[in-house]
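Open your viewer and get ready to select. We will go stop by stop.

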Amino acid sequence: MRFLQGLAATVWQEQETRGRRSPRITAGRGATHNGRLFSYCLGASSIVLSRGQRTVAVLLHELVHALGPTTHGGRFVRRYFALLERYGREDAEELAVQAT
């Protein structure tokens, strides 16, 4: 978790432009949806990573919710892919292929 918390601090420092405090990143139970537990973001104040989802990709997904846009859509995906490429070391071309 320390690695993920440090990564979140770096991402927030470099990406947040409105002067908001970074969300608290914690390991927790998660939220139940269709009988499964999922990580979640509470605005820009807290991100809870559930067991089995404490990964860079999930953290970056939840950080996009905190940074905005908050809902899934084209802008969300573009920002998520940009963060995956920069901080998750994902290949931009491979992400583009996966998106189609």
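This tour visits a helix, its packing partner, a histidine and a sheet.

Before you start, note that this is a predicted model: local features need pLDDT of at least 70, side-chain atom pairs count only at pLDDT 80 or more, and totals for chains, interfaces and linings use all residues. Residues are numbered from 1 along each chain as its sequence is written, and side-chain values use heavy atoms, with hydrogens and water left out.

**Stop 1: helix α1**

Select residues 2–15. This is helix α1, with 14 residues. Helices here are DSSP runs of H or I with at least four residues, strands are E runs of at least two, and both are numbered from the N terminus. From first C-alpha to last, α1 reaches 20 Å, close to the 20 Å expected at 1.5 Å a residue. (The expected span is 1.5 Å times one less than the number of residues.)

Which residues of α1 are buried? Colour Leu4, Leu7, Ala8, Val11 and Trp12. Buried means under 20% relative accessible area, exposed over 50%, and partly exposed in between, with a 1.4 Å probe and protein chains only. Now look down the axis of α1. The buried residues fall within an arc of 135 degrees, so they line one face of the helix. The arc is taken from the directions from the helix axis to the C-beta atoms. On the other side, Arg2, Phe3 and Gln13 are exposed.

Next, show what covers the buried residues of α1. The cover includes β1 (24–28), β5 (46–50), α2 (56–67) and α3 (74–87).

**Stop 2: α1 against α2**

Two packed helices are described by the angle between their axes and the distance between the axes. Here the angle is about 35 degrees and the axes are 11 Å apart. Axes are lines fitted to C-alpha atoms, for helices over the stretch in contact, and angles run from 0 to 180 degrees between N-to-C directions.

Show the side chains. Among the α1 residues that meet α2 are Leu7 and Trp12. The α2 residues that meet α1 include Leu59 and Leu63.

**Stop 3: histidine 65**

Stay in α2 and pick histidine 65. Is histidine 65 buried or exposed? It is buried, with a relative accessible area of 15%. Leaving aside neighbours within four places in sequence, histidine 65 is in contact (heavy atoms within 4.5 Å) with Cys41, Thr70, His72 and Phe76.

**Stop 4: the sheet**

Select β1, β5 and β4. They form an open sheet in the order β1-β5-β4, with mixed pairing. Two strands pair if DSSP finds at least two bridges between them. The edge strands are β1 and β4 (40–42). β4 and β5 pair in the antiparallel sense over three bridges. Finish at leucine 42, which stands opposite serine 46 in β5.
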